[in-house]
Amino acid sequence: MLDQINQLRDTITKTVISNAAELEVFRLDFLSKKGFVNVLFEAFREISPEIKKEVGKPLNLLKREAELFFEEARERIETNQESAFDAFDSSLPVYLNGVGSLHPIKAVENRLVAIFNSLGFDISEGPEIEDDWHNFGALNFDDDHPARDMQDTFFISTDVLRTHTSSVQIREMRKKQPPLRLIMPGRVYRNEAVSSRSNCFFHQLEGLYIDKGVTFADLKQTLYYFVQQFFGDGTEVRFRSSYFPFTEPSAEMDIWVGTATPEDVRLTKGTGWLEVLGCGMVHPNVLDNCDIDSTIYTGFAFGMGLDRMTMLKYGISDIRDLFLNDTRLLSQFRGL
Ligand code: DAH
């Protein structure tokens, strides 16, 4: 019996278990009810006390060794299986991380800036929180002008969230003497009900050209060039006279969209024409407010809505869609 025990202990040391099936074979051979260990324990009961003394200890050792060997192998196989799940599988499909893109309004702004840069306009920016004087007073707004009303403008104690980028004209003219040729993009705010066509904040691009002998013809030609560049060669424009306190004369410029599609009819309210910007010759009072001699210098200014331009260019019908931060919408503008 001792020989048998020693042989089995030897067998255990030589056994290799590398998977669940081999583990089960080992369990059946050694540790099941009819396995070697149990069979030997049963035989052990029948033998004489002297021999019991001799084999008792080795038999117990065999049992312990078989159990330990089994447990170790079981743990090893289980953890191997788990790590097989974690293992890097190079055959799996690849999910690329999303790459960001410029917001379409920023892309349009960049395009417009590039067009005006090519005409020698430099870029300037001003603060979004303005005082009343820069936003209204210096721009020749009367004290009782409706734009100064709480209903139209957001007030922060005595300051305002600028309602237009025209305030940046004032800041620049007070800093520098002519000639000045500037474009001024930025965000503006109005106390308006939010709808598909208007938002309480939006973006503008302001233009300003002050020098000796600047005329309305220069204004028209500059804007005409911009329209051909931005909307495409052959785009028709028209100027309608208008009123802004800071320009005289003032005009609004429309582009021809046509009435070919129901969408065009809706957009142009049936006229085929769409207003894209306001403009005019800088009012002498404005130049005087900025210490620029209005007997020597003249200039033109214009202001356009970037959100509007973006919607036009890309056929977006609801201004709110631009601010949903929905990457399904924004990713369509990748590469602009
Ligand atoms: N500030 C005007 C607005 O927000 C737009 C505008 C009109 C700007 C005429 C100008 C201009 O510079 O000359 O409605």
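Author: Let us begin with terms: helices (H or I, at least four residues) and strands (E, at least two) are DSSP runs, numbered from the N terminus, and two strands pair if DSSP finds at least two bridges between them. This is a predicted model, in which local features need pLDDT of at least 70, side-chain atom pairs count only at pLDDT 80 or more, and totals for chains, interfaces and linings use all residues. Residues are numbered from 1 along each chain as its sequence is written, and side-chain values use heavy atoms, with hydrogens and water left out.

Reader: In which order do the strands of the open sheet stand?

Author: Strands of a sheet pair through backbone hydrogen bonds, either parallel or antiparallel. Here seven strands form an open sheet in the order 1-5-6-10-9-8-7, and the pairing is mixed. Strand 1 (122-123) and strand 7 (237-244) lie at the edges with a single partner strand each, so one side of each has no neighbour in the sheet.

Reader: How many bridges join strand 6 to strand 10?

Author: Strand 6 (residues 201-211) runs antiparallel to strand 10, and eight bridges join them. Within this pairing, Asp211 is opposite Thr298, and Gly207 has Phe302 as its bridge partner.

Reader: Why is strand 10 described as largely enclosed?

Author: A residue is called buried under 20% relative accessible area, exposed over 50%, and partly exposed in between (1.4 Å probe, protein chains only). In strand 10 (residues 298-305), six of the eight residues are buried, so the rest of the structure largely encloses this strand. Helix 7 (residues 166-175) is mostly covered, with seven of its 10 residues buried; among them are Ser166, Val168 and Met173.

Reader: Which residues are closest to the ligand?

Author: A residue is near a molecule if one of its heavy atoms lies within 4 Å of it. The ligand is surrounded by 15 residues, of which the closest are His164, Ser166, Arg190, Gln204 and Glu206. Helix 7, strand 6, strand 9 and strand 10 each contribute at least two residues to this shell.
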